Amino acid sequence: MSDFDKDSRVDKFEKRRKNTKSITVLMIGGSLLVIVLLGMWIFGGGDEQTSEEESTNTESTNESNNNDTEESNEEQAETGENNSSNSDEQANEANEDESDAETDEEENQSAEDIETEQVEPSGDNVKEAYTGNWEPVGTDQEGPHTTNYDSGSQDRQEIARGVELATGLNASTMTTHWVGNGGDQKVEATVSNESQSEIYRVYLSWVENEGWQPTKVEVLNSVPNNN
């Protein structure tokens with residue numbers, strides 16, 4: 001074998017060895033690159049997903065907090081309205097109670113302020129008689145007045161109030177035996193309590209725009225038969 005043939009073989013072997021080494025290096029480098037890319041994709045994607053989840057959770061938490069805040073504000077507003085309504089009702093009730101108390105006090109004062117004077121009885125059935133400085137009871141009637149004696153009429157209701165003022169009987173429970181004409185714009189009313197242990201004849205006069213005014217009371221022994 002010639003020296004030329006030996007040199008050719010050596011060159012070919014060297015070239016083949018270099019090519020094999022280059023291919024190996026390239027394969028190793030490619031493998032490393034693939035591993036690096038996979039790692040970046042796996043870990044980078046996980047971070048992004050985690051970030052998205054955290055963002056979603058944060059938005060959900062904020063939305064929930066906002067809803068809770070709105071509900072709390074609505075509840076506080078409703079509570080405030082209820083408290084305000086209750087306060088108004090309590091204030092109204094207190095005003096009504098105060099008004100009723102003032103009315104009762106005025107009625108008591110008016111009863112105490114009434115001065116009475118004994119007068120001569122008009123008959124054997126009269127135990128005693130007296131006049132007083134009673135005020136007209138007030139009226140809703142306007143214009144020229146004509147007395148209406150029908151039961152339940154405005155006149156009958158206002159006459160009952162005048163009788164109550166003069167006798168102290170309760171207008172809603174007293175028994176009315178008779179109401180009739182006592183003269184020009186005047187009436188007479190015979191009434192008693194339920195047991196007829198207190199019997200009265202009350203004289204009233206009409207005062208224009210002010211209503212019926214008691215003028216005299218007679219305390220009777222019995223209910224007259226001629227009424």
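These legends describe close-up views of one predicted model.

Local features rest on pLDDT of at least 70 and side-chain atom pairs on pLDDT 80 or more, while totals for chains, interfaces and linings use all residues of this predicted model. Residues are numbered from 1 along each chain as its sequence is written, and side-chain values use heavy atoms, with hydrogens and water left out.

**View 1. Overall layout of the protein chain.** The protein chain has 2 helices and 6 strands. Helices (H or I, at least four residues) and strands (E, at least two) are DSSP runs, numbered from the N terminus. Along the sequence, the pattern reads α-β-β-α-β-β-β-β. Of the 227 residues, 20% are buried. Buried means under 20% relative accessible area, exposed over 50%, and partly exposed in between (1.4 Å probe, protein chains only). The chain exposes about 16400 Å², and carbon and sulfur atoms supply 45% of that area. Accessible areas come from the Shrake-Rupley method with a 1.4 Å probe; for residues, only the protein chains shown count as cover. Take contacts (heavy atoms within 4.5 Å). Among those between residues at least 6 apart in sequence, 46% join residues at least 24 apart.

**View 2. A salt-bridge network of Arg201, Lys216 and Glu218.** Side chains of opposite charge can pair when their charged atoms come close. A salt bridge puts a side-chain nitrogen of Lys or Arg within 4 Å of a carboxyl oxygen of Asp or Glu. The whole structure holds 2 salt bridges. Arg201 and Glu218 form one, at 2.6 Å from N to O. This pair links distant parts of the chain: Arg201 sits in strand E5 (residues 199-207) and Glu218 in strand E6 (residues 211-220), 17 residues apart. Glu218 also meets Lys216, at 3.6 Å from N to O. Arg201 is buried at 14% relative accessible area. Glu218 is buried too, at 0%. Lys216 is partly exposed at 22%.

**View 3. Lys216 over the ring of Tyr203.** The charged end of Lys216 lies 4.7 Å from the centre of the Tyr203 ring. A charge sits over a ring if NZ of Lys or CZ of Arg is within 6 Å of the ring centre and within 35 degrees of the ring normal.

**View 4. Two aromatic pairs.** Rings of Phe, Tyr and Trp (its six-membered ring) pair if their centres lie within 6.5 Å; planes under 30 degrees apart are stacked, over 60 edge-to-face, and the rest tilted. The search of the whole structure finds 2 such pairs. Tyr130 and Trp134 have ring centres 6.3 Å apart and planes at 45°, so this pair is tilted. Both residues, Tyr130 and Trp134, are buried. Trp206 and Trp212 pair edge-to-face, with 5.4 Å between centres and 70° between planes. Trp206 is buried at 10% relative accessibility, and Trp212 is buried at 0%.

View 5. Val163 is buried at 1% relative accessibility. Leaving out residues up to four places away in sequence, Val163 touches Gly168, Met174, Ala189, Val191, Val202 and Leu204. Tyr200 is 37 residues from Val163 in sequence and 9.0 Å away in space, C-alpha to C-alpha.

**View 6. A nonpolar surface patch.** Val34, Leu38, Trp41, Ile42 and Phe43 make up this patch of about 610 Å². Patches consist of residues with over 30% relative accessible area and no salt bridge: like charges are joined within 9 Å, nonpolar side chains (Val, Leu, Ile, Met, Phe, Trp, Tyr) within 5 Å. Val34 lies in helix H1 (residues 3-113). Val34 is partly exposed, at 46% relative accessibility.
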